Structures are given as C-alpha cells and as structure tokens.
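Visitor: Hey, can you walk me through this one? I'm new to reading structures.
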Amino acid sequence: MIEHRPLLMRANRLLGSALVEHNLVKFEELEVANERVLELAAQGNFRQASVLGLLVNETKVLKEEHVLHTVMDEHALGVVDLRHYDVADDVRRDLDPGMCWATWTVPYEKEEDFWFVATAYYLSPAVRTHWEKKLGGTVIWHATTMEVIADFLDRLQAEREAAAKAKPATA
C-alpha cells in the first residue's frame with residue numbers, strides 16, 4: 001500500500017478542499033482531520049487515513065449522507081450498493097485493493113469501453129482523474145458510502161486469502 005501513499009494524500013487533500021468549498025465542513029474542522037490523516041499515514045494505517053472517515057466517524061462534524069446528497073444534487077450521480085451486486089470475476093481479479101483503499105473507489109463493471117465505478121470520494125478531482133486515466137474508456141461514476149466500499153474490499157481480501165490457502169503448495 002505504501003506505493004499508493006502519494007495518491008492517498010492527494011485524494012484526501014482535494015476531497016477536503018471540496019468539502020470546504022461545498023460548505024459541508026469548516027476549514028478548522030478539516031485541518032484537524034488533515035493532521036490525523038498525516039499521523040495515520042505515517043503509521044502505515046492507510047485504511048483509516050481518510051479525511052472523510054475522520055470527519056464522519058471520529059470528529060463527527062459531517063454526515064456522509066450530506067456528501068452523498070451533494071454529489072447526487074450537484075453532479076447528477078446515482079448511488080450504488082455493491083453489497084447487492086455481483087461483480088464479474090475478471091473485474092475482481094484485476095483490482096488493486098491498495099489503490100481502492102487510497103481512493104475509496106471500486107470499478108465494479110465493464111461493458112465494452114464503459115467502466116462503472118463506485119466511489120465515496122467523487123468530490124476529489126484527484127480520484128476521478130486517477131481512475132479515468134487508469135481505466136481508459138468512458139467512466140460512469142456512481143456514489144456510494146465508505147461502508148459499502150470497505151465491505152466490498154474486505155470480502156475481496158477474504159476471497160483472495162481463501163483462494164491462496166486452497167491452492168496446493170508447489171515444490
């Protein structure tokens with residue numbers, strides 16, 4: 001995950017700026033969360049190093065539903081819940097969980113040249129630019145919650161660990 005640290009830091013910095021610009025948090029509240037992101041990232045705790053997660057869960061100055069409503073209202077995004085979605089094996093196989101954690105984003109379907117992507121960090125231009133370059137083709141964005149992203153990535157990790165244990169050892 002260390003290779004994704006610059007992406008994580010940029011994604012969080014630009015998301016924080018957008019949250020202030022949309023009047024969802026005050027600059028002072030963001031500064032507290034930013035300091036904590038730096039602290040957690042320095043400890044290697046990249047999953048917890050999320051400005052959105054800290055503002056919602058730790059300092060409790062923001063409700064994630066307000067972010068979702070902003071994204072839906074101002075950017076006309078739909079919302080997706082990956083807990084009830086069957087992500088294709090080829091899409092799952094090629095996912096880099098570290099990149100997904102750094103951006104709180106998961107590509108979940110590909111149809112021809114169209115990618116369907118779920119994110120809790122849509123307001124971060126760094127996240128959108130990164131995934132659009134990485135995926136190529138047209139990206140159709142959907143908003144989701146951090147809980148949905150975390151649940152999906154935890155299940156993916158468990159599946160990968162189970163598959164690795166099931167493989168016979170080669171001598």
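Predicted model: local features only at pLDDT ≥ 70, side-chain atom pairs only at ≥ 80, totals over all residues.

Visitor: OK, so at what angle do α1 and α3 cross?
Guide: Roughly 55 degrees, and the axes of α1 (residues 5-21) and α3 (residues 51-58) come within 8 Å. Helices here are DSSP runs of H or I, at least four residues, and strands are E runs of at least two, numbered from the N terminus. Axes are lines fitted to C-alpha atoms, for helices over the stretch in contact, with angles from 0 to 180 degrees between N-to-C directions.

Visitor: Which residues make the contact?
Guide: On α1 they're N12, L15, G16 and L19, and on α3 they're V51, L52 and L55. Contact means heavy atoms within 4.5 Å.

Visitor: New topic: what's up with phi of N23?
Guide: Phi is near 60 degrees there, a positive value in a residue other than glycine. Most residues other than glycine have a negative phi.

Visitor: Where is N23 found?
Guide: N23 is in the loop between α1 and α2 (27-42).

Visitor: And is E112 buried or exposed?
Guide: Exposed, at 72% relative accessibility (buried is under 20%, exposed over 50%, partly exposed in between, with a 1.4 Å probe and protein chains only). E112 also has a positive phi, near 55 degrees, and its place is the loop between β2 (105-111) and β3 (114-119).

Conventions
Residues numbered from 1 in each chain as written. Heavy atoms only, no water.
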